[in-house]
Structures are given as C-alpha cells and as structure tokens.
Amino acid sequence: MVAAKIQLSSAEMALVGDASWILTKNSIMGKAVALMAELSGEYRAEWEKRGEKVLPVGGDGDKGDKGGDGDYGGDGDYGGRDPKISRGENYKGLPYVILDYPRLFGREDVFAIRTMFWWGHAFHVTLHLKGRYREMFLPVIRRRISMLAAAGFQVAVSEDEWQHELTPDNYRAIGSFPEGMDAWDRGRGQNDNKGNTFLKLAAPCPLDKWNEAPAVLLELYRVLIHVLGDRDR
C-alpha cells in the first residue's frame with residue numbers, strides 16, 4: 001500500500017472529524033425525498049385530470065419488455081401505474097433523488113416524465129420518449145414547440161439517453177438550431193447504442209430556488225401534460 005494514497009488532505013482532515021456536515025447532508029436528502037413525495041401526489045392529481053388525453057397509464061403503455069440501465073437510468077419497471085421515487089448516492093459521484101411518473105420503460109419504447117434532484121447541480125423535469133412513443137408525440141411537439149421553449153425546455157443532443165446533466169454536450173436550447181426543427185426531430189445525434197431513436201426535453205430549476213421548487217416543477221410538469229394532451233388536435 002502506498003501511504004500517499006491513503007493520506008488525507010487538510011480539507012479532508014477537517015471533514016473527517018466533523019460529523020455535523022454529513023448529518024446536514026442527510027437532512028437535505030430527507031427533505032428532497034419529502035419534496036418528491038409531495039410532488040408525486042400533485043403529479044397524480046394532474047394526470048388524473050388530464051393524463052387520459054395523453055396516454056392511459058396502465059393501458060396502451062403497459063406492454064413491452066423490461067429494460068434499463070441502472071437506478072438512475074431505466075429501472076425496468078414498465079407498469080407505470082404509480083409514481084416511483086428513487087434515491088441514490090452516486091450519479092457521477094453525487095447524491096440524487098428521482099421521481100418518475102408516468103414511467104413506461106421498455107427496451108425499445110419509453111414514455112416517462114422524470115423529475116430529478118441532483119446534488120450540486122439542479123432540479124430538472126425531463127420528458128423521455130423513445131421508439132413508438134417518440135413517433136406518437138413528435139407531431140404535437142413540433143406544433144407546440146414555442147410553448148416548450150418559453151417554459152425553458154432544452155432538447156437532448158447526446159447519444160446517451162441516460163445523460164442528465166444540462167451541459168452543451170448533452171442539451172441545447174430548442175431555439176439554438178439554425179437549421180430549424182428538422183435538425184433534431186429527425187433524431188440526428190439521438191440514437192442509443194442499439195440504433196433506437198429517442199427524444200428528451202428537459203427544463204431546470206436551480207437549487208437556490210429550493211423553496212419555490214415544488215411550484216416551479218409542478219408547472220413544468222403541467223406544461224408537458226398540456227402539450228402532449230393536444231396530440232389529437
């Protein structure tokens with residue numbers, strides 16, 4: 001064993017002897033879970049009022065194969081009848097809390113709205129469409145793209161559908177494509193490693209807006225439900 005590899009820096013030494021910071025972190029994570037639990041009830045109420053116009057959860061979307069890439073990717077639980085809250089400690093080295101509802105995850109078809117708290121980064125709400133659900137909802141997204149842009153949604157450009165960080169490598173503002181809509185709705189740069197085409201739209205809520213986050217995140221969820229519910233018009 002190389003001694004230098006196990007020695008603590010001065011900053012690490014200060015933390016290892018201080019229990020208060022980890023207790024504070026545990027308290028914050030508990031409050032993040034409680035926030036998601038509160039949102040799950042609000043989301044369910046919104047879905048019961050408007051979701052049937054989008055897609056009957058437990059109906060059409062309840063078919064398909066289990067699949068996914070871990071607890072911060074697809075979880076393989078494709079029933080989607082109830083909100084699901086997941087908590088972890090290591091998405092790119094940092095703690096996170098996820099609320100998925102609806103949550104229809106299959107190997108080839110995905111329809112999910114994911115709300116995520118990621119330590120040190122932000123909250124964000126993400127619409128994840130793949131396979132037949134992408135084709136089903138793409139026309140209405142094209143028609144209502146201005147509403148999504150006004151709400152702050154960005155479009156995924158990464159080929160990895162489980163990248164959540166809102167960086168230029170992963171997401172770009174909807175209005176930033178000089179080529180127009182066709183630059184992203186053809187699926188260019190949005191194929192997983194099996195060639196399946198997906199579409200993700202995400203909007204952030206900064207952590208310094210924590211106290212306002214439930215209202216902000218609920219409004220982003222409502223925007224998505226409103227847009228997707230217009231697909232038959």
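Helices (H or I, at least four residues) and strands (E, at least two) are DSSP runs, and they are numbered from the N terminus. What I am showing you is a predicted model, in which local features need pLDDT of at least 70 and side-chain atom pairs count only at pLDDT 80 or more, while totals for chains, interfaces and linings use all residues. Residues are numbered from 1 along each chain as its sequence is written, and side-chain values use heavy atoms, with hydrogens and water left out.

Is Gln163 buried or exposed? Its relative accessibility is 18%, so Gln163 counts as buried, given that buried means under 20% relative accessible area, exposed over 50%, and partly exposed in between, with a 1.4 Å probe and protein chains only. The side chain of Gln163 makes a polar contact of 2.6 Å with that of Lys92; by polar contact I mean a pair of N or O atoms within 3.5 Å, where within protein one must be able to donate a hydrogen and the other to accept it, and where residues adjacent in sequence count only if both atoms are side-chain atoms.

Lys92 itself lies in the loop between E1 and E2, and it is partly exposed, with a relative accessible area of 44%. Most residues other than glycine have a negative phi, and most peptide bonds are trans. Lys92, however, has a positive phi of about 55°, in the turn of a hairpin that E1 and E2 form with 2 residues between them.

Now to the sheet, where two strands pair if DSSP finds at least two bridges between them. It is an open sheet of 7 strands in the order E1-E2-E3-E4-E7-E5-E6, with antiparallel pairing. Strand E1 (84-91) and E6 stand at the edges with a single partner strand each, so one side of each is left without a neighbour in the sheet.

On one side, 6 bridges join E1 to E2, and Ile85 stands opposite Leu99 in E2. Strand E2 (residues 94-105) also pairs with strand E3 (residues 110-118), in the antiparallel sense and over 8 bridges, and a hairpin of 4 residues joins these two, E2 and E3. Along that pairing, Leu104 has Phe111 as its bridge partner in E3, and Ile98 has Met116. Within E2 we also find Pro102, and the peptide bond from Tyr101 to Pro102 is cis, with omega near -5°.

Finally, how many cavities of 30 Å³ or more does a search of the whole structure find? There are 2, where a cavity is a set of points, on a 1 Å grid over the protein atoms alone, at which a 1.4 Å probe fits but cannot get out, and lining residues have an atom within 4 Å of a point. The largest cavity holds about 50 Å³ of space, with grid points joined across faces, edges and corners, and the volume taken as the space filled by probe spheres set on the points. Among the residues that line the largest cavity are Asp100, Arg114, His128, Trp162 and Lys200, and the elements that give two or more residues to this lining are E2, E3 and E4.

How values were computed. On a 1 Å grid over the protein atoms alone, a cavity is a set of points where a 1.4 Å probe fits but cannot get out, and a pocket is an open set with protein on both sides within 12 Å along at least five of seven lines; lining residues have an atom within 4 Å of a point.
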